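Here are my notes from a look through this one. Have the viewer open as you read.

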Amino acid sequence: MRSDLTKWTIGPFLGFPQGFSHGITQGPIKLELFIDGEVIVHGTVETGYLYRKLEKAIRLHPWVSTLSYAGRLDPENAVFGELVLCLAVEKIGKTEVPLRAQRIRVVLSELARISNHLSFFVSVARTVDSEIMAQYVLRDREKILDLFELLTGSRFSLGFLCYGGVRKDITDGFIERVLEVCELIQKRIKEYNDIYTFNAAFIKRSKKVGKLSKEIIINYGVTGPNARASGVSYDVRKEQPYCGYEKIDFKVPTGIFGQGDPSCGDVYHRFLLRVFEIEQSIEILKQATEQIPVGRFNVNESVQSLNVPSGEANARVESSRGVLECHVVSDGRAQPNSVQFWPPSVASAAVISKVIEGIKIEDLLVVLASLNISVSEIDQ
Amino acid sequence: MNELLDVWEKTLRISFSPPRGVLVVIVILFVYLLVLFPFAYLFAYFDRKLTADLQARVGPNRAGFRGVLQVFADLVKLFQKDPAFFSSGFEKENIWFHIYIMLLFTGVVFLPLGSLTLLINTDMSALLPFCAAFVLAFCTLLFSLSQGEVQSSFGGLRVAVHVLSGAFPALVALQAACLYAGSFRWSVISESQGVFPQSWAAFTSPFLFISFCVFIVGGLVMWSLSPEEGGFSVSSKLSGKKFFIFRLGRFYGLFLWSVIAVVLYLGAWNMPASLYDGLKNSQEYLLILFIELGVLLAKTLFLMFVVTGIVRVNPKIRVDQATDLSWKILSPLSLVSLIGTVLWSGWSYIR
C-alpha cells in the first residue's frame with residue numbers, strides 16, 4: 001500500500017454525520033479511508049458501537065419474551081427476526097403451524113420486504129441529494145406502515161408473531177386494504193421508474209459505481225438482493241421453502257438484466273433488482289391473500305404457556321436484506337439455552353472495504369446506501 | 001453615473017446637494033433593504049412551501065399566518081446560536097470570511113436592477129459579474145481551506161471547480177447575447193429588447209435560444225452547491241451567523257445569475273415605451289424605479305423557481321460529471337450559438 005496517502009477516519013466519535021447516525025446505515029459505523037485526491041484507495045470498516053448483548057438478553061428471558069428481542073435484531077425488519085426464531089423453535093417442538101397463520105406470516109413478510117425496499121429507495125435518493133424523490137417514496141411507504149398499524153397496533157416493532165402461529169387473527173377489511181396497497185404500489189412502480197430508473201442524472205450517479213463481482217459475492221457469503229443483483233441466484237424462499245412459499249408461484253429476479261453486462265452488480269442494478277422484487281412481492285401478496293383458509297391462527301391456547309422440549313434447530317428465512325439464519329438450543333428449561341443469529345448485513349458490511357476501492361468520495365454514501373446494511377443487525 | 005445620481009437627487013427631493021458618495025451609499029442601501037433582503041426572504045419562504053408541496057408535505061405553518069414568519073424565526077435562531085461571531089483562534093478563517101462578506105455586500109453595485117439603479121454602466125459592465133463570481137469562488141475556496149477540515153476543503157475545491165468549468169460556456173453564451181445587443185453595456189442590452197416575449201433576445205433566433213439555455217445550465221454548474229454527501233461542503237462546519245451569511249451568499253449568487261439572464265435574454269426591465277416616456281416627462285422617477293423593479297423581479301422570481309424546481313427534482317451529479325457536462329456539451333453548444341448568432345446577425349444586416 002502506498003504510504004503517501006491521506007488517512008481519514010470517519011467514525012462515530014468525530015461528530016461526522018455519516019459516522020454516528022446517518023440514515024443509510026441505521027446505526028454507527030466507523031470507516032477508515034486512505035484517499036488519493038478524491039479517490040478512495042483503500043478503506044476499512046469497524047462496527048460494534050451498537051452492541052446490545054441481544055443474544056445474551058434473549059437467553060436470560062423466558063421463551064415468550066424472546067420474540068420481542070428477536071424483533072429488535074433489525075427494527076426496520078422486525079417481522080423477519082421474529083419469524084426466524086419462531087421457525088427454529090417450532091422445529092424443536094415439531095409444531096405444525098396452521099395454514100392460516102402461515103399465510104398471515106407470508107403477508108407480513110412480503111409487506112415488510114416492500115417497506116424495506118422502499119426505504120432503500122429513500123436512502124439512495126438522499127445520498128444523491130434528491131429529497132423530492134425520497135419523499136415520493138416515503139408517501140407510499142406510509143401506506144404499508146398503516147397496514148402494520150391496522151393489524152398489529154405498531155408500525156415497526158410488530159410483536160405479532162408467536163410460537164405456533166400469530167398472536168391475533170387478521171381484522172375485517174385487512175385483506176382488502178392489502179390488495180388496495182398492492183394496486184397502488186404497482187402503479188407507483190411506473191413513477192419510480194420515471195424518477196429513478198430512466199433519470200439520466202440518477203443513471204450517471206449509479207451505473208458502473210460500486211460494482212460487486214460474482215466472485216466477491218460468493219467468497220464473502222453475501223446473500224439477498226445484493227447477491228442476486230450480481231447474478232448469484234439464491235433465494236431461501238425457493239431453495240428451502242418455509243411458511244408455504246412452495247405453494248406460491250413467483251420468480252426470483254436474478255441477473256436477468258446483468259447477463260453479459262459488464263456493469264452487472266453495480267448500484268444501479270442493486271436498485272433495479274429491488275424494483276423487480278417489489279413486483280414479485282406484490283404477486284406473492286395477491287396469491288397469499290387469496291389462499292388464506294378459514295381456521296385457527298395459533299396452535300397454542302395461551303401464548304403465556306409455552307414449553308419447548310430439549311433439542312436444537314436451525315432456521316433460515318429470506319429477509320429483505322438477505323438470508324437471516326437462527327440457531328436455537330433448548331435444554332427444556334423456561335429460557336433458551338442459546339440463540340444465535342447470522343444476519344445478512346454481516347457479509348454485506350464485510351464487502352464494504354472491497355466495494356469502495358477506487359470509487360470517488362462523492363460516491364461513498366451512494367455505495368453504502370446501495371448495500372442496504374443494518375448496523376443494528378450486525379452489532380446485535 | 002452622474003446622471004443617475006442626479007435623478008436620485010431629484011427623486012429624493014432633498015433641498016441640499018449631498019456628496020456623490022452619500023448618494024451611492026443610499027442607492028446601495030435601497031437595493032439591499034428594499035430589494036435583496038425582502039426578495040431573499042420571499043424566495044426562501046416560497047421555495048420551502050413549493051418544495052413541501054412537491055414532497056406532499058404542508059411546509060412551514062407554525063410561525064405566523066401560513067408560516068410566513070418561519071424564515072424570520074430561523075434567522076433569529078441562527079443569530080442566537082453562535083454568540084461568538086468571530087471568535088479568536090480562527091484568525092485565518094475569519095480573514096477570508098470577512099473578505100467573503102465584503103465582496104458579497106459590495107457585489108451589489110454590479111446588479112442591473114433597472115435604469116435608475118445602474119451604478120456601473122460601462123462598456124464592460126456585463127463582464128463584471130463574472131469577475132465577482134470568480135473572486136467570490138476563490139474566496140470561498142480559501143475560506144474553506146482555512147477551516148482545516150477535510151470535508152470543508154473538499155467542498156471548497158468543488159466550488160472552485162464548478163465555477164471554473166461553468167464559466168467558459170456561460171461567458172461564450174454571454175458574448176452571443178451581447179453580440180446581438182451590440183454592446184456589453186447594460187442600458188444598451190436592455191434597449192435592444194422589447195416588452196413582449198417575441199422581442200426578447202432568447203426568442204429572436206434559435207442560436208440565441210441555445211445561448212440562453214447554455215447560460216442557464218452553465219449558471220447551474222457554476223452556482224450549484226457541491227453535493228452535501230457526508231457533509232462534504234463548505235458549510236458543513238458552519239453554524240449560526242456564519243452559516244446564515246454563507247447561505248445568503250449562495251442565494252445572492254443564484255439571484256445575480258438569474259437577474260443577468262433576465263437582462264440578457266428575457267427583455268430586462270422594459271416597460272411599454274409610451275408609459276416610460278409619459279412617466280419620464282412628468283418626472284415620476286420613483287414610479288419608474290418601482291415598475292422596472294417589479295417587471296425585472298417578477299421575471300427573475302419565475303426563472304429562479306423554474307431553475308430551482310429542476311435542481312430539486314433531479315439528483316445531483318458528481319463534480320467530475322458536472323465538469324464533463326460543461327466542457328463536452330455546453331462549451332461546444334455555446335460556440336455554436338456564438339457562431340450562429342454572428343451569421344444570423346450578419347445575414348439580417350445584409351438583407
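This is a predicted model: local features need pLDDT of at least 70, side-chain atom pairs count only at pLDDT 80 or more; totals for chains, interfaces and linings use all residues.

1. Start with helix α6 (residues 131–152) of chain A and helix α7 (residues 174–197) of chain A, which pack at an angle of about 170 degrees with their axes 11 Å apart. Angles over 145 degrees count as roughly antiparallel, so α6(A) is roughly antiparallel to α7(A). Their crossing is left-handed.

2. Who makes that contact? On the α6(A) side the residues include Tyr136(A), Ile144(A) and Leu147(A), and on the α7(A) side Val181(A), Leu184(A) and Tyr196(A) are among them. By class, the contact has 13 nonpolar and five charged residues, with no polar ones; Asp140(A), Lys143(A), Arg177(A), Arg188(A) and Glu191(A) also take part.

3. The largest nonpolar core has 108 residues, and Val84(A), Leu85(A), Ala88(A), Phe121(A), Val317(A) and Val367(A) touch the most other members. Helix α5 (residues 99–127) of chain A gives the most to this core, 14 residues. Beyond its neighbours within four places in sequence, Phe121(A) is in contact with Val137(A), Tyr192(A) and Tyr196(A). A separate core of 77 residues includes Val163(B), Ala170(B), Phe255(B) and Val262(B).

4. Check phi at Asn372(A): it is near 50 degrees, positive in a residue other than glycine. Asn372(A) sits in the loop between α15 (361–371) and α16 (375–379) of chain A, and counts as buried because it has 27 C-beta neighbours inside 10 Å.

5. Ala268(B) also has phi near 50 degrees, a positive value in a non-glycine residue. Ala268(B) lies in the loop between α9 (240–265) and α10 (273–281) of chain B. Buried or exposed? Ala268(B) is buried, with 28 other C-beta atoms within 10 Å.

Note on methods. Residues are numbered from 1 along each chain as its sequence is written. Chains are lettered from A and ligands numbered from 1 in the order in which they are written. Axes are lines fitted to C-alpha atoms, for helices over the stretch in contact, and angles run from 0 to 180 degrees between N-to-C directions. Helices (H or I, at least four residues) and strands (E, at least two) are DSSP runs, numbered from the N terminus. Angles under 35 degrees count as roughly parallel, over 145 as roughly antiparallel, 65 to 115 as roughly perpendicular and the rest as oblique. A crossing is left-handed if the near helix is turned anticlockwise from the far one by less than a right angle, and right-handed if clockwise. Two residues are in contact if their C-beta atoms, placed from the backbone, lie within 7 Å. Ala, Val, Leu, Ile, Met, Phe, Trp, Tyr, Cys and Pro count as nonpolar, Asp, Glu, Lys and Arg as charged, and the others, Gly among them, as polar. A nonpolar core is a set of buried Ala, Val, Leu, Ile, Met, Phe, Trp, Tyr and Cys residues joined through C-beta atoms within 7 Å. A residue is buried if 20 or more other C-beta atoms lie within 10 Å of its own, exposed if 12 or fewer, and partly exposed in between; C-beta atoms are placed from the backbone.
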